[in-house]
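Student: I am new to this structure and would like to understand the words used for it. Could we go through them together?

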Amino acid sequence: MKILVIGATGYIGSRAAAALAAAGHDVSALRRAGGRPLAGGYREVAGDLLDPPSLTALAAGYDLVVHAAAPLGEADLPGARALVDSGSPLLYTTGAAVLGGGQSDEDSPTDPHPLAADRPEIERRVVAAGGRVIRPGMVYGTPDAPIPALLASRGHAFHIGPPGVRWPVVHVDDLADLYLAVTERAPSGTIWHGVSETARLDEVASAICGGAAVPWPVEEAAKELGLLADLFTRDQDVSSEKTRRLLGWSPRHTSVLAAVTRS
Ligand SMILES: NC(=O)c1ccc[n+]([C@@H]2O[C@H](COP(=O)([O-])OP(=O)(O)OC[C@H]3O[C@@H](n4cnc5c(N)ncnc54)[C@H](OP(=O)(O)O)[C@@H]3O)[C@@H](O)[C@H]2O)c1
C-alpha cells in the first residue's frame, strides 16, 4: 500500500512507520519545517498539522494516511478535518484519555479527560469517513518513552492523586505491530485498543526510579504539567479483548514492571 505517515519522527510513529515499511508498504512521511530529521529512507513530504488548508491536498491520493502525531489541543480537530477531506483512508491515533475512569472496552461510550476533549469528535469523523482509530495506553519500551521519561524526571518516584491509580499500558513494539494489523486486516470505520495490560502508576514509577513513590499534590503538579497532572489521577482499566480477538493481535511484552525496572 502507498502510505503517508504523519508523526514518523515521534515515539509511536517512528516504530509504526518502520513496521509498515518492513512489511513491504511504500511509506512516505510528513516532515514539518524545523522538525526532526526523518530516519528510515522514507519519501519526504513537507507539511504542518498547524496549517490545515495545506493538509487536504498533500494527503490526497494515498491508500492510507497514518496519523500518529501531536499536537493535542485546539489544532487537533482542524487538522483531522483537513485529513478527512483529503479522501484518503485514515488511521488516526487518539488515546485511552478519551475514555472515562473505571472499566471500559472498545465499545464503551467516550468520556474524555479535558486534555483529550476534542478527540471523541475526531474519532466520530474518522469512523464516519470509513477510517480507523487506534487508542494506545501509556507507551513504554525505552527510557525516552514520553510518560516513563516524565515519571523519571524528578529523580524519585512519585504519584499524583491517591496511590494505586491504574493506567492501560503497551510496549511500543507491540503497538507498532498493531498499526500493521489494523492497516492490513481491520475493516473500515472501526476503533481498536493498543493495550497489553493495566498497571499501577506508582509501581511503574517505583520500578523506574527505585524507592517508594511519594505523593505529589495535584495542584502543585499542575503548575508543571498542566492538565496532564489531573490525568494522572484517573484510574482506568481498559480492555483490548476485542482488538486481540478480531485482529489476532498478541502483545509479546506483558510486564511493564519487568521492562522498566532498573537493573
Ligand atoms: N506516548 C504515549 O504514551 C501516548 C499514549 C496515548 C496516545 N498517544 C498519542 O499518540 C500520538 C503520538 O504520540 P508520541 O508519544 O509518539 O508523540 P511524540 O514522540 O511527541 O511525537 C510527536 C510527532 O508529531 C509530530 N508533530 C508535532 N507537531 C507537528 C506539527 N505541527 N505538524 C506535523 N507534525 C507534528 C512530531 O514531529 P517533529 O519531529 O517535527 O516534532 C513527531 O513526529 C499523540 O497524538 C499522542 O496523544 C501517545
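**Words and their cut-offs**

Tutor: Gladly! Let us start with Gly164, which sits in the loop between β9 (158-159) and β10 (166-171); helices (H or I, at least four residues) and strands (E, at least two) are DSSP runs, numbered from the N terminus. This is a predicted model, where local features need pLDDT of at least 70 and side-chain atom pairs count only at pLDDT 80 or more, while totals for chains, interfaces and linings use all residues. Residues are numbered from 1 along each chain as its sequence is written, and side-chain values use heavy atoms, with hydrogens and water left out.

Student: Why is Gly164 called partly exposed?

Tutor: Buried means under 20% relative accessible area, exposed means over 50%, and partly exposed is in between (1.4 Å probe, protein chains only). Gly164 has a relative accessible area of 23%, so it is called partly exposed.

Student: And why is Arg135 called buried?

Tutor: Arg135, in strand β7 (residues 132-136), has a relative accessible area of 2%, and therefore it counts as buried.

Student: What makes the pair Arg135 and His193 a polar contact?

Tutor: A polar contact is a pair of N or O atoms within 3.5 Å; within protein, one must be able to donate a hydrogen and the other to accept it, and residues adjacent in sequence count only if both atoms are side-chain atoms. The side chains of Arg135 and His193 make such a contact at 3.0 Å.

Student: Is Thr93 buried or exposed?

Tutor: Thr93 lies in strand β5 (residues 90-93). Its relative accessible area is 7%, so Thr93 is buried. The side chain of Thr93 also has a polar contact of 2.6 Å with the side chain of Tyr179, and a polar atom of the Thr93 side chain is 2.6 Å from the backbone oxygen of His67.

Student: Which protein atoms lie 2.8 Å from an oxygen atom of the ligand?

Tutor: A polar side-chain atom of Arg119 does. Elsewhere, a polar backbone atom of Gly10 is 3.0 Å from a ligand oxygen, and a polar backbone atom of Leu49 is 2.9 Å from a ligand nitrogen.

Student: How do the residues of the shell around the ligand divide?

Tutor: There are 13 nonpolar, eight polar and four charged residues in that shell. Here Ala, Val, Leu, Ile, Met, Phe, Trp, Tyr, Cys and Pro count as nonpolar, Asp, Glu, Lys and Arg as charged, and the others, Gly among them, as polar.
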